[in-house]
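Please keep the sequence and the structure in view while reading.

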Amino acid sequence: MAQSQKSHPTACLALADGTLFYGYGFGATGQTQAELCFNTAMTGYQEIMTDPSYAGQVVTFTFPHVGNVGVNPDDDETAEPVAEGMVVKWNPTEPSNWRATETLSAWLARRGRIAIGGVDTRRLTRAIRQQGAPHVALAHDPEGNFDIAALVAAARGFAGLEGVDLAREVTCAQSYRWDTTRWAWPDGFGRQEAPRHRVVAIDYGAKRNILRCLASAGCDVTVLPATASAEEVLAHEPDGVFLSNGPGDPAATGAYAVPMINAVLERGLPVFGICLGHQMLALALGAKTVKMNHGHHGANHPVKDLETGKVEITSMNHGFAVDSQSLPDGVKETHVSLFDGSNCGLRLTDRPVFSVQYHPEASPGPQDSFYLFERFTASMAERAPA
């Protein structure tokens with residue numbers, strides 16, 4: 001239904017400080033509680049909603065045209081949406097794109113995710129930037145009946161993400177093989193039929209396109225759950241180990257991930273981490289992570305490679321960061337954000353072990369960062385016996 005046809009608000013976003021935003025609901029009805037963040041990407045709303053790194057969060061989209069290309073199965077980053085809900089300025093229009101198979105609203109409703117349109121997203125984004133990521137309650141009721149006191153109480157009752165291990169909730173239930181490669185015109189997704197390297201990918205909330213990039217780079221990928229032990233990882237006799245993206249507090253996930261990573265490092269295997277995987281590697285090497293004020297969420301973040309001077313336009317999604325001041329001897333900072341100077345990459349100086357905070361598979365550059373997958377495969381090739 002078009003926004004102009006509605007006579008009263010049908011959705012309400014309540015912040016823990018009592019601030020209210022009324023709008024028009026679409027997608028599923030009901031109520032949810034989460035941390036609120038904003039994302040500045042101009043495209044990719046379906047990928048964002050299905051990115052496991054957004055577990056426990058409602059996403060405010062700063063770009064107003066959300067929903068205009070619909071949705072399609074190929075753009076899902078995991079089987080179901082993981083973000084709790086979405087906030088947009090304008091209600092979605094009917095999609096106009098040859099790839100669309102469903103409207104955004106119908107897709108959200110079928111997947112049980114709540115959305116609100118008609119919100120002043122600029123005002124909301126300013127509030128997040130100035131005050132930090134708030135806890136919120138989002139409700140959608142077609143009749144417009146809201147218990148405001150209960151909504152505010154629900155927002156205040158949300159436990160937050162600090163100290164919370166969400167990787168367990170989004171990881172795969174059992175191991176599986178992956179051989180699908182990146183999408184390419186005109187054939188779509190391909191298949192890796194001649195892999196050169198055996199890679200174990202630890203699934204802390206892995207995006208499908210990361211796995212596609214590994215396969216495209218020549219990897220035979222076996223995906224293991226986040227809680228996999230070092231013995232389970234090494235039993236596959238990998239040439240390298242990949243640490244995936246994921247949600248939640250890295251310190252909480254590190255309680256079981258760090259011992260496994262340290263055992264892998266002792267074997268001298270090449271290791272590559274992205275996002276939460278970057279933070280897991282940093283913790284294993286003795287560094288610390290910190291909660292950010294409002295995090296980095298978008299597809300337009302400039303990152304400088306300190307070793308080459310190159311600036312990459314990157315996609316980011318993280319609310320925690322590695323404290324660069326805590327990096328121990330032998331660990332070199334390789335990339336920094338040009339927005340705030342925060343750490344965006346590291347490597348060991350004596351072994352083929354490295355990681356980045358951003359998402360090279362998301363291709364905002366569009367190919368600025370794919371070299372990282374090639375660096376990973378090159379390190380495995382160099383280690384292989386002649």
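## The largest pocket

How many residues in the lining of the largest pocket are nonpolar, how many polar and how many charged? By class, there are 16 nonpolar, 16 polar and 11 charged residues in this lining. Here Ala, Val, Leu, Ile, Met, Phe, Trp, Tyr, Cys and Pro count as nonpolar, Asp, Glu, Lys and Arg as charged, and the others, Gly among them, as polar. The model is predicted, so local features need pLDDT of at least 70 and side-chain atom pairs count only at pLDDT 80 or more, while totals for chains, interfaces and linings use all residues. Residues are numbered from 1 along each chain as its sequence is written, and side-chain values use heavy atoms, with hydrogens and water left out.

The largest pocket has a volume of about 1100 Å³. Of its 43 lining residues, Thr-43, Gly-44, Glu-47, Asp-75 and Ala-362 are the closest to its centre. Two or more residues of the lining come from each of α1 (45-49), α6, β13 and β14, and α1 gives the most, with 4 residues. Helices (H or I, at least four residues) and strands (E, at least two) are DSSP runs, numbered from the N terminus. On a 1 Å grid over the protein atoms alone, a pocket is an open set of points with protein on both sides within 12 Å along at least five of seven lines, whereas a cavity is a set of points where a 1.4 Å probe fits but cannot get out; lining residues have an atom within 4 Å of a point. Grid points are joined across faces, edges and corners, and a volume is the space filled by probe spheres set on the points.

About 450 Å³ of space lies in the second largest pocket. Its lining has 27 residues, and Pro-52, Thr-78, Val-82, Glu-169 and Val-170 lie nearest its centre. At least two lining residues are supplied by each of α5 (167-170), β8 and α6. The classes in this lining are 16 nonpolar, 4 polar and 7 charged residues.

The count of cavities of 30 Å³ or more is 1. The largest cavity has a volume of about 140 Å³. It is lined by 17 residues, with Ser-53, Gly-248, His-318, Gly-319 and Phe-320 the closest to its centre. β14 (311-322) gives the most to this lining, with 4 residues. The lining of the largest cavity divides into 6 nonpolar, 9 polar and 2 charged residues.

## The nonpolar cores

A nonpolar core is a set of buried Ala, Val, Leu, Ile, Met, Phe, Trp, Tyr and Cys residues joined through side-chain atoms within 4.5 Å. Buried means under 20% relative accessible area, exposed over 50%, and partly exposed in between (1.4 Å probe, protein chains only). The largest core has 35 residues, and those with the most contacts inside it include Ile-202, Tyr-204, Val-233 and Met-260. Helix α8 gives the most to this core, with 7 residues.

Contact means heavy atoms within 4.5 Å. Leaving aside neighbours within four places in sequence, Met-260 is in contact with residues including Ile-202, Tyr-204, Val-233 and Leu-243.

The buried residues of α6 pack against several elements, among them β8 (176-178), β10 (219-225) and α10 (371-383).

Cys-213 is found in α6, which spans residues 208-216. With a relative accessibility of 1%, Cys-213 counts as buried. Beyond residues up to four places away in sequence, Cys-213 touches Arg-182, Glu-361, Phe-370 and Phe-373.

## Backbone details and confidence

Most residues other than glycine have a negative phi, and most peptide bonds are trans. The peptide bond from Trp-185 to Pro-186 is cis, with omega near 5 degrees. Phi of Glu-237 is positive, near 50 degrees, and this residue counts as exposed at 57% relative accessibility. Ser-363 also has a positive phi, near 55 degrees, and is partly exposed, with a relative accessible area of 26%.

The pLDDT is the predictor's confidence in each residue, from 0 to 100. The protein chain averages a pLDDT of 96, and 98% of the residues score at least 70. Over residues 1-5 the pLDDT is below 50. Where pLDDT is low, the predicted coordinates should not be read in detail.
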